[in-house]
Amino acid sequence: MHELSIAQSIVSGITEQVGDRNVLRVGLEIGRLSGVEVDAIRFCFDVVAAGTPVEGAELVIDEPPGRARCRGCGAESALADLLGGCACGGLDLEVLSGEQLRIREVRVQRDVRDVRV
Amino acid sequence: MCATCGCDGGAGTIDEPGHELGKDGHEHSHEHSHDHSHEHNHDHSHEHETVVLEQDVLAKNDRAARRNREWLRARGVCAVNLMSSPGSGKTTLLERAVGELSRARPVMVVEGDQATPMDAERLRATGCRTVQINTGSGCHLDAEMIERALRTLDPGSGTLVFVENVGNLVCPALFDLGEARRVVLASTTEGEDKPLKYPHMFRGADLVLLTKVDLLPHLRFDVERFHRHLGRVNPDAELLPVSAVAGEGLDDWYGWLTSAVPVPAR
């Protein structure tokens, strides 16, 4: 199950950036064509976040839908999955959106002791 | 537990006879360049702050893959990532191919499996320099594992390096290793529907090898139908039917390799 690896990459990607600051909320973008199951990420996230500064953080996941351009006729259309096709019958599609797998932002607790005075 | 692949004991162990680096595990760098002073003489309150990261989840792997690609290019070495479900015939095909291909140039192999050095031993028996990566509970190879394996192999200019990924049609598709080409194997015994059921894997393939075609007389497998399914998820992928046992189609595969990953001019 690669969602476990993905969840671990999310947690380590965050802690590498924000250090040991307590993370309250994590904003992710997981496209519907990314090959990553959001429910599995939620499950794995709680497991791998345990014992880290990310433990207990709220997970806010944006799931951008798939969108593609037909290389045949040039039309853009929604793409529900990778087996979809264009209305013209074309199957050679350039995926424009839906494959995102990104950490967008995190909300951290700022302890004013950490602010240089 | 490994932060990248989820396996225990670091990002896999690498084993090659004469090299004792099997247990070196990972180097995870954690540079938290925080710059805080520690004056605690005032009342402290807690506030919230949003930190914009906007980074790919797999950024760390992708950075390692870029390093590998650059390292290979500078050395004049080509790497081919072989992926498939377990048992589709990757190792058998390599056993047969390395002897033939090594007439033209050096061939080396990185073997990926959750456990055992069995596949590496099979390839070493053919005289091929091989390192085995055991991923433990990990379900795929990542770019950092390949980085260490390549340092161990130390391939010279003109070498063709095959990376035999962990048998799995799902997870390896997401992890760039720094390879020049991706080859996906599907065997006739697995059925014609595999490209539709595992579109992410087949979508990333430069070449699909349909293996075990010597078994076709005994199976209800329609090659044309498989080809149509592949075309639906990846119209650009080439399809070559092969049999490592009977030898059918192997010359076509060698020909594809010669043009796709040519021996660099000296």
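Axes are lines fitted to C-alpha atoms, for helices over the stretch in contact, and angles between N-to-C directions run from 0 to 180 degrees. The legends below concern a predicted model, in which local features need pLDDT of at least 70 and side-chain atom pairs count only at pLDDT 80 or more, while totals for chains, interfaces and linings use all residues. Residues are numbered from 1 along each chain as its sequence is written, and chains are lettered from A and ligands numbered from 1 in the order in which they are written.

**Figure 1. Helices H2 and H8 of chain B.** The axes of helix H2 (residues 90-101) and helix H8 (residues 250-260) of chain B come within 11 Å and cross at roughly 60°. H2(B) and H8(B) are therefore oblique to each other (angles under 35 degrees count as roughly parallel, over 145 as roughly antiparallel, 65 to 115 as roughly perpendicular and the rest as oblique). The crossing of H2(B) over H8(B) is right-handed; a crossing is right-handed if the near helix is turned clockwise from the far one by less than a right angle, and left-handed if anticlockwise. Arg96(B), Ala97(B), Glu100(B) and Leu101(B) of H2(B) make the contact with Leu250(B), Tyr254(B) and Leu257(B) of H8(B), where two residues are in contact if their C-beta atoms, placed from the backbone, lie within 7 Å. By class, this contact of H2(B) with H8(B) has five nonpolar, no polar and two charged residues. Ala, Val, Leu, Ile, Met, Phe, Trp, Tyr, Cys and Pro count as nonpolar, Asp, Glu, Lys and Arg as charged, and the others, Gly among them, as polar. Helices (H or I, at least four residues) and strands (E, at least two) are DSSP runs, numbered from the N terminus.

**Figure 2. Ala260(B) in helix H8.** Ala260(B) has its place in helix H8 of chain B. Is this residue buried, exposed or partly exposed? Ala260(B) is partly exposed, because 15 other C-beta atoms lie within 10 Å; a residue is buried if 20 or more other C-beta atoms lie within 10 Å of its own, exposed if 12 or fewer, and partly exposed in between, with C-beta atoms placed from the backbone. Leaving aside residues up to four places away in sequence, Ala260(B) touches Arg181(B) and Asp206(B). Ser85(B) is 175 residues from Ala260(B) along the chain, and the C-alpha atoms of the two are separated by 23 Å.

Figure 3. H1(B) and helix H4 (residues 143-153) of chain B have axes that come within 8 Å and cross at roughly 30°. This angle makes H1(B) roughly parallel to H4(B). On the H1(B) side, the contact is made by Asn61(B), Ala64(B), Ala65(B), Arg67(B), Asn68(B) and Trp71(B), and on the H4(B) side by Ala143(B), Glu144(B), Ile146(B), Glu147(B) and Leu150(B). Six nonpolar, two polar and three charged residues form the contact of H1(B) with H4(B). H1(B) passes H4(B) in a left-handed crossing. Trp71(B) belongs to helix H1 (residues 59-75) of chain B and is partly exposed, since 15 other C-beta atoms lie within 10 Å. Between Trp71(B) and Leu82(B), eleven residues apart in sequence, the C-alpha to C-alpha distance is 20 Å.

**Figure 4. Two loop residues of chain B with positive phi.** Most residues other than glycine have a negative phi. Asp154(B), in the loop between H4 and strand E6 (160-164) of chain B, has a positive phi near 55°. With 10 other C-beta atoms within 10 Å, Asp154(B) is exposed. Lys212(B), which is not a glycine, has a positive phi of about 60°. Its loop runs between strand E8 (207-211) and helix H7 (223-233) of chain B. Lys212(B) is buried, because 25 other C-beta atoms lie within 10 Å.

**Figure 5. Helices H1 and H2 of chain A.** Helix H1 (residues 2-18) and helix H2 (residues 38-49) of chain A pack at an angle of about 55°, with their axes 8 Å apart. This angle makes H1(A) oblique to H2(A), and the crossing of the two is right-handed. Among the residues of H1(A) that meet H2(A) are Leu4(A), Ile6(A) and Val11(A); their partners in H2(A) include Ile41(A), Cys44(A) and Phe45(A). The contact of H1(A) with H2(A) comprises eleven nonpolar residues, one polar and one charged.

**Figure 6. Confidence along chain B.** The mean pLDDT of chain B is 87, and 82% of its residues reach 70 or more; pLDDT is the predictor's confidence in each residue, from 0 to 100. Over residues 19-44 of chain B, pLDDT stays under 50. Where pLDDT is low, the predicted coordinates should not be read in detail.
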